[in-house]
Amino acid sequence: MKRVMTIQDISCIGKCSLTVALPILSAIGLEAAIVPTAVLSTHTQFRDFTFRDLTEDLEPIRKHWEKEKFSFEAIYTGYLGSRRQIDIVRDYVRTFGGNGHALIVDPAMADGGKLYVGFDEAFVEEMKGLCGEADVILPNISEAAFLTGSEYPGEEADEETQKELLLKLSELGSKYSIITGVTLSDGSFGFIGYNRESKEFFSYGNPKVPYKSHGTGDIFASTFTGAYVRTGDLFEALKIAADYTSACIRNSYGDPDHVDYGVNFELELPYLIERIGK
Ligand code: PXL
């Protein structure tokens, strides 16, 4: 079985980061090796959340895995709690990356034009460095604006603006830059991307529903990572991620009992398993 490493926090309640990455990668049929960077009582959209920083554990975990000679088909990073953690993640990439092993970076740090609680410009600068080492980066439109020093164009930014952001993002150095959660010119909801080598843009969307929640970027990134490792086909993996994320959003939208801090990704896992196949 192929093994994937994912580095991000555990938000005990929140349907985001490791609590979605782990079940999604497992459902896709991959061994999920997790590096928990912090334990929070909830994600940071709640008030008064607790935060146990696990930075001191990261170096010993890396050294042990190195000694055991573990290898990983891909490294996927999500929410990271500090500049120092980004630095340590780069050590993981130096130890376990390269040789065709993909580095996928979701620079989870902003939404709605605002940085999440606890992040500042210095953190954004450090994240730019990590993005530069990646094969694929998966920012949302807010993160794309922060990473490129652009004004936040709003969630409904038009295609021309999305493409300008992609060109600037690609200057950070990653092979593929993908902006997730965008409204496309035909009114659909999905992603738009740019291949720095072929200089081609590409996009894909699903019918839009008037519903927005937290954690959908993490669902997209986890599904993309797993599907990319399983299929080896970047565009197909992005489509699977967009379709599954859209199914999760629609499931919550149609459920009068949905929680407001995350989407019903659990109820659509059978669809994902069916779609990926054995
Ligand atoms: O879904 C992104 C995310 C991950 N981890 C933590 C968060 C958030 C978004 O708010 O707070 C701790």
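Let me start with Asp48, which is exposed, with a relative accessible area of 73%. Asp48 sits in the loop between β2, residues 31-42, and β3, residues 51-53. Its backbone is worth a look as well: phi of Asp48 is near 60°, a positive value in a residue that is not glycine. Before I go on, please keep in mind that this is a predicted model.

A second residue with that kind of backbone angle is Lys15. Phi of Lys15 is near 50°, again positive and again in a residue other than glycine. Lys15 is in the loop between β1 and α1, where α1 is residues 18-27. Is Lys15 buried or exposed? Its relative accessible area is 17%, and buried means under 20%, so Lys15 counts as buried. The side chain of Lys15 has a partner: it makes a polar contact of 3.1 Å with the side chain of Glu266.

Staying with β1 for a moment, this strand runs over residues 3-13 and contains Gln8. Gln8 has a relative accessibility of 1%, and it therefore counts as buried. The side chains of Gln8 and Thr6 are joined by a polar contact of 2.9 Å.

Now the ligand. Which residues surround it? The list is Asp9, Ser11, Cys16, Ser17, Leu40, His43, Thr44, Gln45, Tyr79, Tyr116 and Asp218. Three of these I will take one at a time. Thr44 has a polar side-chain atom 2.6 Å from an oxygen atom of the ligand. For Gln45, a polar side-chain atom lies 2.8 Å from a ligand oxygen atom. Asp218 also places a polar side-chain atom 2.8 Å from an oxygen atom of the ligand. As for cover, the ligand on its own has 310 Å² of accessible area, and the protein covers 98% of that. The space that the ligand takes up is the largest pocket.

How many of the 16 residues in α7 are buried? Twelve are, which leaves the helix mostly covered. Asp218 is one of the buried residues, and others in that group include Ile219, Phe220, Phe224 and Val229. Thr216, Ser222, Thr223 and Thr225 are also among the buried residues of α7. After the helix comes Gly232, with a positive phi near 70°.

Glu155 lies in the loop between α5, residues 141-148, and α6, residues 159-170. With a relative accessible area of 24%, Glu155 is partly exposed. Along the chain, Glu155 and Thr183 are 28 residues apart, while their C-alpha atoms are separated by 7.5 Å.

To go back over the main points: the ligand takes up the space of the largest pocket. Asp218, one of the residues around the ligand, is among the buried residues of α7.

Conventions: Residues are numbered from 1 along each chain as its sequence is written. This is a predicted model: local features need pLDDT of at least 70, side-chain atom pairs count only at pLDDT 80 or more; totals for chains, interfaces and linings use all residues. Side-chain values use heavy atoms; hydrogens and water are left out. Buried means under 20% relative accessible area, exposed over 50%, partly exposed in between (1.4 Å probe, protein chains only). Helices (H or I, at least four residues) and strands (E, at least two) are DSSP runs, numbered from the N terminus. A residue is near a molecule or strand if one of its heavy atoms lies within 4 Å of it. A polar contact is a pair of N or O atoms within 3.5 Å; within protein, one must be able to donate a hydrogen and the other to accept it, and residues adjacent in sequence count only if both atoms are side-chain atoms. Accessible areas come from the Shrake-Rupley method with a 1.4 Å probe; for residues, only the protein chains shown count as cover. On a 1 Å grid over the protein atoms alone, a cavity is a set of points where a 1.4 Å probe fits but cannot get out, and a pocket is an open set with protein on both sides within 12 Å along at least five of seven lines; lining residues have an atom within 4 Å of a point. A molecule sits in a cavity or pocket if more than half of its atoms lie within 2 Å of its grid points.
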